[in-house]
Structures are given as C-alpha cells and as structure tokens.
Amino acid sequence: MRTFALVTFGCQMNEHDSARMAEVLVEAGLRETESPEVADVILVNTCSVREKAEQKLRSEVGRLLQHKRARPGVVLGVAGCVAQQEGEKLLRRVPELDLVFGPDNIPELPALLAEIDAGGPPRVLTVHDLERPQFLRARAERGTTGATAQVTVMKGCNERCSFCIVPHTRGPERYRPSDEIVDEIARLVAAGALEVMLLGQTVNSYRDPSRGLGPAPGAGEAPWTHTHPTTAREDESEFASLLRRIAQEVPSLRRLRYASPHPRHLTMSLIRAHQELPFMARHVHMPVQSGSDRVLRRMIRRYSVAEYRERVAALAAAVPGVTLTTDVIVGFPGETSQDFEDTLSIVRELSFVGLFGTEYSERPFTPAQQLEDDVPEDEKSSRLAELFELGDAIRCRHLESLVGSTQQVIAVGRGRTGYTGRTEGSEIVHFGCQDDPTGELVSLRIVRAFKNSLEGELFDPRRAKALSAETSSPEKRLLPMVI
C-alpha cells in the first residue's frame with residue numbers, strides 16, 4: 001500500500017485542510033505515515049500570511065528534495081496558500097515539484113495523483129470554487145474522532161485589510177449551508193467529540209446561503225455610541241442564529257468555540273448568544289491589530305479603537321469572567337512610537353490573556369505594498385519584544401489568579417508530564433491520572449501556574465496522580481493564530 005505524509009504550516013484552517021487531505025487520500029487507498037522520509041507521497045500544506053511561513057516552506061521543500069532525489073518515485077507536492085499565491089511560478093522555481101494545488105482543490109487530489117502516476121507532467125491547480133463552493137466533511141467515527149473537532153462554516157474574506165493576502169489566497173467569502181454544518185457537528189458529537197471549533201477567515205460574518213435561519217435575539221439592536229446606526233446594521237450577520245440552531249439541534253455538545261472573528265461582527269446578537277447559550281466557551285479571540293486609529297485606518301480594519309473597546313466591554317459585561325486573546329501587528333508602515341504606545345495601552349487596559357504578535361512583513365497582492373515600509377527592522381524587533389514582555393506579564397498574572405480555583409477541563413490527550421486539556425477560558429492544564437481520561441470532561445483543582453499553562457489535580461482521589469518529574473510545561477501560546 002502506498003503511503004503519504006503531510007507537513008503543515010499555518011493556522012487552524014491549514015490544520016483542518018490537512019485533516020481533510022488525509023481523509024481524501026485514505027479513502028483513495030493510501031496509508032498515512034508520520035515520517036515524510038519514507039512516504040511515497042509528500043504534501044507540504046503552506047501558509048503565506050507571514051513572510052516567515054514562506055521561508056519555512058522553502059527550507060522544508062529543500063530538505064524534502066534530498067529524499068526525492070534519493071527515491072525518484074516519490075511524489076512531492078505543495079498545497080495551501082503559498083501554492084494558491086504562486087501557482088505556476090512556484091513550479092518554475094522548483095521544477096522537481098510534481099504537484100501544486102490550492103485549498104479549494106483538495107477533492108481533486110486523488111485524480112491529480114493518478115495523472116502523475118500514469119506518467120503525466122507536473123500539475124498546477126489553483127482554482128477557487130466560486131460557483132459551487134465545496135466544504136469537505138470530517139470523518140465522524142467513534143475511535144477516530146477526538147474530544148475536540150473543527151468544522152468549517154465559511155471560507156474566504158471580503159474585508160480587504162491592506163496587509164492581508166487571505167482574500168487572494170482564499171478568495172471571497174463563501175458560506176456553508178446551515179443544514180450541513182449542524183449535521184456534521186451532530187455526527188462528530190455522536191462519535192465522541194465534546195467540543196467543536198467553528199472555523200472561517202471571518203467566521204462571524206456568516207450568512208446561510210440556504211436561507212434556513214431566522215433573526216437571532218438581539219439582531220438589529222445597536223446600543224453603540226461609536227458606531228453609526230447604518231454601519232451597525234451592516235455589521236449584523238446570521239452567525240448568532242447559527243449558534244442557536246446548533247444549541248437546539250445538538251444539545252449534547254458540551255462546548256463551542258470559533259475562530260477567527262472580526263471585531264465589527266461582534267454584534268449584540270452574538271453577545272447575547274454568548275450570554276444565553278451554556279455551551280459557549282468563556283473565551284473569545286478578537287484580533288485588534290493596533291491600538292492606534294491612524295494605523296487601523298491605514299490597515300483598512302473598518303473599526304476604531306473606541307468601537308473595539310465598546311464592543312469588547314459589552315461582551316465582558318454580559319459574560320463575566322470571559323477571557324480575551326488577540327492579534328497585534330507591530331511596525332506597520334507609518335507606525336510611530338506614539339502609535340505603538342497606544343497599542344501597549346490597549347493591551348494593558350483590556351488585559352489580553354493571550355497575545356499573538358508579529359512584525360509587519362510585506363505580502364504580495366496587498367494594498368500595503370504601496371506604502372513605504374518605513375519602520376526599521378531593528379525597531380520592529382524591539383517593539384515586538386516589548387509587546388511580548390507586556391503580554392507575558394499579563395498572562396502570568398492571569399494564570400496565577402487561577403491557582404486554587406476549580407476548572408472544568410476537556411482532556412484531549414497525553415502530554416509530556418501527564419495528560420492535557422483546556423478550560424472554558426482556553427487555558428491549557430496539565431494533570432496526572434491513574435487511567436486515560438482522554439475524551440472526558442474532568443473537574444480539576446488548579447494547584448500551580450506555569451508560564452503558559454496550569455497544573456491541575458483531580459478531585460477524585462482514586463484517579464488522581466502527580467505529574468511526572470518533568471514539571472515545566474510545554475511553552476506554547478494559548479491558540480494558533482488565524483488572521
């Protein structure tokens with residue numbers, strides 16, 4: 001049996017795409033191996049949101065070419081956003097590649113491989129599925145479905161932020177029918193999933209293409225002092241209605257999250273869904289990108305700092321204890337020292353418990369290419385280091401504040417020191433257990449805070465067990481970044 005291996009860079013959407021690729025290939029008769037060095041088919045699934053991700057791709061492809069040259073029958077392909085961005089140019093730069101295909105072309109993967117196996121030339125397929133969008137369903141089988149699962153509800157982006165290549169690599173927004181979404185979630189939960197993450201580039205802009213959703217409670221309410229009523233109406237979507245339908249039709253789902261939202265779609269209907277639906281996680285990742293109105297305008301983010309602050313405050317008032325994480329870009333063209341200080345100020349004020357910062361890097365096909373990148377690289381690095389120092393201090397204080405508390409944790413599997421899970425607030429918790437608790441919702445007493453995670457202790461003395469001697473937790477950020 002032929003084998004395949006996947007190497008994935010990027011966000012949750014890339015991870016989700018890799019999972020769907022694996023399922024498509026398994027159904028075509030291939031077997032997955034974790035070692036690219038021995039695989040017959042090697043696919044590198046790529047991210048192009050940041051320049052460093054492309055650098056990783058070039059390094060990884062260079063390494064894998066060594067194995068292909070040693071085993072000429074190996075098929076080497078590049079998938080994902082870099083493939084969509086570069087297309088034929090990528091094949092010209094790396095002529096030893098056999099396959100280049102975009103995110104919307106995963107269903108064609110078996111046929112593409114069959115063409116190559118039959119002696120066909122290298123193939124490039126980077127066509128957006130604009131007319132008939134395809135959303136591959138996850139396999140939902142007990143024993144193969146984990147405690148947590150991801151479900152795509154939309155893809156593409158209409159926001160056109162000046163720094164972002166996503167509209168080029170993922171195309172305009174396309175939405176999945178609500179019937180399909182609810183059905184996939186129901187099957188995943190029946191197979192053992194306790195938590196579902198809804199995915200989309202601007203996930204909370206969702207509108208049901210089948211027109212099967214009615215208005216949600218709170219839709220049309222716009223008690224904002226910093227957003228014009230007409231703009232507030234335009235910000236409304238059907239995402240809150242989708243959440244309520246999921247809650248009604250899949251009542252055994254224990255926890256629901258979503259990524260990655262846009263601040264302007266944090267409407268009262270969505271805030272009320274967070275307040276009224278018990279399965280909503282007490283955590284929201286809400287990218288702010290900058291604390292300066294001047295920089296936000298240059299980024300074409302379509303909200304002001306005051307609007308962001310007002311919407312987040314309304315969420316916090318409705319859902320006491322909700323935790324917030326965010327994304328920040330430093331060194332955007334024209335960002336002054338005062339602009340950066342304004343960013344630090346809002347980070348302090350809103351106490352983001354997780355912060356994903358990055359230096360601005362010019363991306364092809366983006367409007368920001370026309371701006372002078374006038375912030376020196378050493379200044380970008382200095383600002384990013386200062387941002388991380390502040391973010392680390394806030395996160396550490398937050399984690400310390402949880403010591404002694406009781407947390408409901410979904411156990412997702414074994415870690416280096418014991419077992420690992422996440423709280424409602426998305427904090428990572430490591431704990432010991434006499435048996436395997438994977439797939440359970442367990443009650444833990446928090447006994448220790450690490451830099452990026454927590455140590456918990458089971459209340460049940462028959463199952464409780466100390467962590468292993470390696471007591472320092474893996475140094476991970478709370479969430480992968482999705483822009």
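Ser-351 is partly exposed, with a relative accessible area of 36% (buried is under 20%, exposed over 50%, partly exposed in between, using a 1.4 Å probe and protein chains only). Its phi is positive, about 50°, although Ser-351 is not a glycine. You'll find Ser-351 in the loop between α13 (337–350) and β14 (354–359); helices here are DSSP runs of H or I with at least four residues, strands are E runs of at least two, and both are numbered from the N terminus.

A bit of housekeeping before moving on. This is a predicted model, where local features need pLDDT of at least 70 and side-chain atom pairs count only at pLDDT 80 or more, while totals for chains, interfaces and linings use all residues. Residues are numbered from 1 along each chain as its sequence is written, and side-chain values use heavy atoms, with hydrogens and water left out.

Back to the backbone. Most residues other than glycine have a negative phi, and most peptide bonds are trans. Arg-302 has a positive phi near 70°, sits in the loop between α11 (293–299) and α12 (305–318), and counts as partly exposed at 44% relative accessibility. For a cis peptide bond, look at the link between Ala-259 and Ser-260, where omega is about 0°. Ser-260 belongs to the loop between β11 (255–259) and α10 (268–276).

Now for helix packing, starting with α12 and α13. Their axes come within 12 Å and cross at roughly 10° (axes are lines fitted to C-alpha atoms, for helices over the stretch in contact, with angles from 0 to 180 degrees between N-to-C directions). That makes α12 roughly parallel to α13, a label for angles under 35 degrees. On the α12 side the contact (heavy atoms within 4.5 Å) uses Val-305, Tyr-308, Arg-309 and Val-312, and on the α13 side Ile-346, Glu-349 and Leu-350.

Then there's the sheet. Six strands make an open sheet with parallel pairing, in the order β2-β1-β3-β4-β5-β6; two strands pair if DSSP finds at least two bridges between them. β2 (31–32) and β6 (123–125) stand at the edges with a single partner strand each, so one side of each lacks a neighbour in the sheet. Further in, five bridges join β1 (residues 3–8) to β3 (residues 41–46), and Leu-6 has Leu-43 as its bridge partner in β3.

Two helices lie across these strands. Helix α1 (residues 12–27) covers β1, β2, β3, β4 (75–79) and β5 (99–101), running at about 175° to β1. Helix α5 (residues 109–117) lies across β3, β4, β5 and β6, at about 160° to β5.

Definitions and conventions: Parallel < 35°, antiparallel > 145°, perpendicular 65-115°, else oblique.
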